[in-house]
Amino acid sequence: MGRIPRSYLINRLTTLILTILIAATIIWIIPRLSPVDPAEIALGRMAAGAGSVANSEEILAQLRANMGIDEPFLIQYFRYISGALVFDFGLSTAAFPTPVSTLILNALPWTLGLMILSLIITFVIGNLLGALMVWDRSPKLVRVAIPAAMVFTSIPPILSGLLLMWVFAAKLQWFPLTGAYSIFVEPGWNWAFVQSVLHHGFLPALSIVVVTFGFWALGMRGLMIGVQGEDYVKLAEAKGLRPRYILYRYMIRNAILPQITAFALKIGLLIAGQVLVERIFAYNGMGKLLYDAILNQDFPVIQGVSFVIILITALSVFLVDLVYPFIDPRIRHEVA
Amino acid sequence: MTSQDNMPMTRAEKRQAKRIKRFDNPWMNPKLIWGAALLLGIIAMGIIGRFVWDPDLVFTGSSMLRLPPVGFENLRGQAGTMANPLGTDGGGRDLLALIIIGAPNTLFVGLLASLIGMSIGIFLGFSAGFLGGRTDDVIRVSADVMITIPPLLILVVFQSAFGDVSLTMMALLIAGFVWQSPTRLIRAQVLSMKQSGYVQMAQLSGASTSHIMFREMMPNLVPYLFGSFIASVTTSIVTAVGLEVLGLGPQRIPTLGRTIYEAINAGALIQNLWWWWGIPTLLLAVIFIGLLLINLGLDEVSNPRLRKLS
């Protein structure tokens, strides 16, 4: 068991904090540089609802005071950063006066659930197939079929999502077209709801799985080639162990560990891809929330969603970096 | 293997032997060639298409609405005609014209963004690897930080705040997020090459830093650079399409992603207007498959161990 040297820990922790801080700062700066005034958008929304608005100057001033954008930039910045650290992103302007954090908390479980489920499935399938591609006893069909299937893995999940949606939801109508659960069931821990959630979640998850398993398969193939020639595999063969046993206990077990670090590099793209899948399936997660916020020019929500997603990404990378030396005892962190 | 030396070769083995001979030059890799052919096909379609087909059909209302491709019938019972061989969208735009203009636009964003990203990456990677010390620390940490931030999310904030952008602007914005992996890759390679014999020999013989960088190291980096370039083209296009599908990105210029966005919003999936979203989706798929094949081919070029396998 490798113990984490303090310098390594400090290094990773600094990166984590810097990432969160820089992301929050960029997200904060960008709208300030824009000529668009959120107060005027809010006023425009009122005018659209009521036909006309009297005393628009006063209302604008009051709106700016409410949004805190009449204060000096530095004060705004520190207020924003300290708010973001406790997940306070202000109030949504489109669904006024719901706090942004409430909206995000409602959407987050859906996104995380879909993400973790599809991630586990792709990780298992992808690594297994990647190993079978190299293993010299796998059936010929497997060796031909997998590389052919890999062609689809370069496609972003939104495209596979559209295709699956058309075939299985619009044409065959096996699965519902949109949403995360049926509007006819009561959300709660009852069987009808769970069934509805699984039924609705199947296509979004599948569209992510079919296009991401190849990433793991490709990585696994490379690692397996490296393991194949190792002495301990030769020894295991010479001992007359069953080939399947060698595959699982000797080859895959040793090859799979670096795949976990590949996860750290990939997670950003995975989450971004999933946001888009949620958008086309109108799945009740962060993707839909983000899309609706873009339509309504709801800046606090856009900022909040972006920040939380970046936070999830950075935290996952940090955790992978931290846990990895415990999983793989071959890794010794050089004490700098 | 050795026992088969004096046995007659099976057909598969002969083919294999022939293949190895034919592709003795690692760059003549079938995957590489196929991938490049797919992408060149799209570019050719964009160039030749402008002469053979009327690009003005890309404007809204230039044809009848929601016509199906030739040989199909839409829900109103209209049959496709040769005037719009691939059908039209909900705004009366000809889909053939749309993809002739739109597909090269999508590729353009990807290529420009990664060209800029790669240039930044090469510069920073070499600086970090060569200079070391404080410079290295700053570059390494900023690449580590930026690599975890998904570009899509930052760009969503940017574009929703600024509204419409041009294609070039979008490429520039994306370029700000694709320099990290080339930087890390090149830095790592430079660090390991610095220790290798031929570089130290060059240093001892008094070669200048720029000579060592561009004459001694660069040629060995070429396969990695290409691979990294293709990977960032993929990332850039995925990001651009993502923005377009969220309704951001250029609003008035036809792109494949924007066409899909409009199709989804108009309910093209339920109304069985499959050509509207299906054709751009297919073209995007061709682009991504082409990029993947190039990447796999490059992997085999730079890693001979993979070559024997398939």
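1. In helix 12 of chain A, Met286, Leu289, Leu290, Ala293 and Ile294 meet Val301, Ile302, Val305 and Ile309 of helix 13 of chain A; two residues are in contact if their C-beta atoms, placed from the backbone, lie within 7 Å. By class, this contact has nine nonpolar, no polar and no charged residues. Here Ala, Val, Leu, Ile, Met, Phe, Trp, Tyr, Cys and Pro count as nonpolar, Asp, Glu, Lys and Arg as charged, and the others, Gly among them, as polar.

2. A word on the basis: this is a predicted model, in which local features need pLDDT of at least 70 and side-chain atom pairs count only at pLDDT 80 or more, while totals for chains, interfaces and linings use all residues. Residues are numbered from 1 along each chain as its sequence is written, and chains are lettered from A in the order in which they are written, with ligands numbered from 1.

3. Next, helix 7 (residues 157-171) and helix 11 (residues 257-281) of chain A pack at an angle of about 25°, with axes 8 Å apart. That makes helix 7 of chain A roughly parallel (under 35 degrees) to helix 11 of chain A. Helix 7 of chain A passes helix 11 of chain A in a right-handed crossing.

4. Who meets whom in that second pair? Pro157, Ile158, Gly161, Leu162 and Met165 in helix 7 of chain A meet Gly273, Gln274, Leu276, Val277, Ile280 and Phe281 in helix 11 of chain A. The contact has eight nonpolar, three polar and no charged residues.

5. Do look at helix 5 (residues 100-134) of chain A: at 1.5 Å a residue its 35 residues should span 51 Å, and its end C-alpha atoms are 49 Å apart, which agrees. A kink of about 35° lies at Ala107 in helix 5 of chain A, shortly before the proline Pro109.

6. Finally, the contact between chains takes 46 residues from chain A and 38 residues from chain B. On the side of chain A that touches chain B, helix 1 (6-33), helix 7, helix 11, helix 12 and helix 13 of chain A each give two or more residues. Helix 1 of chain A gives the most, with nine residues. By class, that side of chain A has 36 nonpolar, nine polar and one charged.

Key:
Helix = DSSP H or I, 4+ residues; strand = E, 2+ residues; numbered from the N terminus. Expected span 1.5 Å × (residues − 1). Bend = angle between axes of the 7 residues up to and from the residue. Axes fitted to C-alpha atoms, helices over the stretch in contact; angles between N-to-C directions. Parallel < 35°, antiparallel > 145°, perpendicular 65-115°, else oblique. Left-handed = near helix turned anticlockwise from the far one by under 90°.
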